[in-house]
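Here are my notes on this one, jotted down while going through the model. Have it open beside you as you read.

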Amino acid sequence: MSAVELVRLALSRLRRGRVRAALTMLGVIIGVASVVGLVSVGRGTTARITQQLSSLGTNLLTINPARGSANTLTLDDAAAIAGLSGLAAVAPEIQTQRTVATSTTNTTTTSVVGTSADYATVRAFEVWQGTFLTPFAVDQGLRQVVLGATVATALGLGADAIGGQVNISGLPFQVIGILQPKGGAGSNDPDNQVLVPLGVVRKYYVGGTGVQSIGISVANATGMQAARDSISELLRVRHGLAAGATDDFSIFDQTQLLQAASSISGTLTLLLGGIASIALIVGGIGIMNIMLVSVRERTREIGIRKALGARGRDILSQFLIEALTLSLIGGLIGVLAGIVVSAIIGRIAGWGFIFDPATIAVATVFSLAVGIVFGVWPARQAARLDPVNALRYE
Amino acid sequence: MSLLRLDQIGRTYDMGHVQVEALHGVSMTVERGEMVAILGPSGSGKTTMMSIIGCLDRPTSGRYELDGTDVGSLNDAALARIRSRTIGFVFQSYNLLPGTSAMDNVATPLLYQGVSRRERQARAAAALEQLGLGHRLRHEPSELSGGEQQRVALARALVTKPALVLADEPTGNLALHQGQEVLALFQDLHAAGHTILLITHNPEVAAIAQRQVHLLDGAVVDAGIAA
C-alpha cells in the first residue's frame, strides 16, 4: 500500500473519532507548544543580554590598575597605547563623586568623569541634544559638561538647557550636550554621570598623575586578542616589570562577559527545552495509550483486513501512520500555538517576537519521532494478531 | 488438476495442559467449478477446516494444496497473498468494516492488491451493481439490512475474481426469505462457473450444493458423490 493510501485511511479514521483524536493530540500540542514557547523565551533572554552588553561599548577593552596597586596607570600610558595600531579609540578616565547643581535649587550627587573626546566611541554613547566634548575642549581644559540622561532628568534640564550653566562642587560649567539614555538602574546606571574634559578634573578635583581606567575600542572584533597582547607588552615595558613579575594592571575584555552570559542563557534555553520535552514525551505516551486501546477495539477489523489479504506489514503501517498522523497534526498545531505564545511573551517581556525556523523544524521532527517511537509497539501488536482469533473476537 | 486437495489434514490446538484435536486425517478434493457443502454439527471442526482452507491457519499435519501450491510451506506474507488473490470470504456475521461505505468495503481487497483508487472504485461499484446494490454505494453497514449487508460481503468476496469462494454459514444470521435470496445468488454464481465451498450445519442450505461432505468430530464421515 502506498503512503498516500495509508494517510487517507488514517485521516478518515481520525475524522470518525474527532473528539478522541483531538484529546489524544492535546498532549503533543501542549508539549510542542511549550518547547517552541520556552525556547523562544530562552532566545529572547539571550538576545536581550547580548544587546545590553554590546550597548556598553563595541569591542571594548578596559584597563585598570591591578588589585592592590593603585595609581599605576597614567595619562602617558594612555597616550602610548593610543599610538598602537589596530585600535579605534582610547579614552582615559578619572572619576570623582560631586554635587551638581543648577542655578535654581535643584541638586544631585553623581559621578563626574574626566575623559577625552573618544569616550563617546569607546563607551557607545549617543548625544541626544547639543554636542559631545570636542578634542579642542579637552586640550584646552574648557569648563564644559555633557550630562547623562539620569542627571539631566534629576536636575529638570531638557533641550533648552544646552548653552546654560550648572555648578559642579561650586564651579560653573557650560552645558554643551545631553546623552541618550542607555537604560539600567541602581549603582549600574550608565546614565547617572556627567562628562567633563580630563584636564579639568585633574586641575580642580583630583590631583596626581594617575588615571582610574583606560577604555579602548578595538578596531575589529577579530583583533581583540592581538590588541590585548600588544597593550600588555607595552605596559609591562613602560612600568619596568621584570620577566617573572605579575602585571600591575588588568585588562578586562568585554567579550568574555558576553561569552559567559550567552553560555549561561544557552544552558537556560536547553534546560527549558528539556523540561518542555518531558511534556512532549507524556503526550507521546498518551498516543501510545490510545493506539493500544484502538488495537484492542479494532481486533475484529484487523482480522477482517487480514482475511481480505492484508499482510502483517500492511496492518503495521496502517496503525503506525495513524499514530504519526496524530502526532504530526498535534505537532503542527503545537507549533502554531507556540508561535502565538512566544509572540505574547515577547511582547510582554519587551524583546519582541523571535521567530526561529530551526526550533520549529526540531519540534516537528521531534513530534514525528514521538509518533514513531510510541506508535511502533501498538502497531506491532496489531500486525501480529492471529487472523483466526481476531475474526472471532467480539 | 483439482483446485483444492486436502491430504490427511490434522489440526491440534495446544491449550497448555491439554491438546485438543480439532481435525484428524481429513482428506478431500474440490474440482474447479464445483459447488461443495461441508456439513456438520457445531463442534465437528467446520470452522477449523474453513480457517485452514482459507489460509488463515496452518494444519499441524498433512498436506494442503491450493491451485497447485503447497500451502503448508508458505510464510505469513505468502499466505496473505493467497488470501488476497485466490480466496473470497463470506462470513456468517458479514464482517463488513464498520463506519465504511459499501463501496469502500468492497474496494478494500483491491487495496491490498495494489490496485489504483480509480480502478478500485470502478470495480467495486460494478460488483455492487451486479448484486443489485447500485443504489447503496454510499451507505454504511449500519444503514443496510442483513440481506443487503451479506450481498455487500458477497460483492467484496467476488471483486477480486477469486478462484475459490469460501462461505461460512452465509445465511446463519438472515431471515428466511433473505437467506433464500442469498442462496439463490450462490446458485447463480455457481452457474456462472465459480468454485464455491459452503460451510453449514443446515442440511437445507447444504442441499443447494452438488456434493455434501459430512464432517463429524473432526473427521470426514462421508465425502459425498457429485450429483
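1. First, the ground rules. This is a predicted model, with local features needing pLDDT of at least 70 and side-chain atom pairs counting only at pLDDT 80 or more, while totals for chains, interfaces and linings use all residues. Residues are numbered from 1 along each chain as its sequence is written, and side-chain values use heavy atoms, leaving out hydrogens and water.

2. Chain B has an open sheet of four strands, ordered E2-E1-E4-E5 with antiparallel pairing (strands are DSSP runs of E, at least two residues, numbered from the N terminus; two of them pair if DSSP finds at least two bridges between them). E2 (19–30) and E5 (69–70) of chain B are at the edges with a single partner strand each, so one side of each has no neighbour in the sheet.

3. Within that sheet, E1 (residues 4–14) and E4 (residues 61–66) of chain B are joined by five bridges. B:Leu6 has B:Tyr64 as its bridge partner in E4(B).

4. Look at the aromatics next: the whole structure holds two aromatic pairs over all chains (ring centres within 6.5 Å; planes under 30 degrees apart are stacked, over 60 edge-to-face, the rest tilted). A:Tyr119 and A:Phe125 are stacked, because their planes are at 15°, with centres 6.1 Å apart. B:Phe89 and B:Phe91 have planes at 5° and centres 5.5 Å apart, so they stack too.

How values were computed: Chains lettered and ligands numbered in written order. Phe/Tyr/Trp six-rings, centres within 6.5 Å; stacked < 30°, edge-to-face > 60°.
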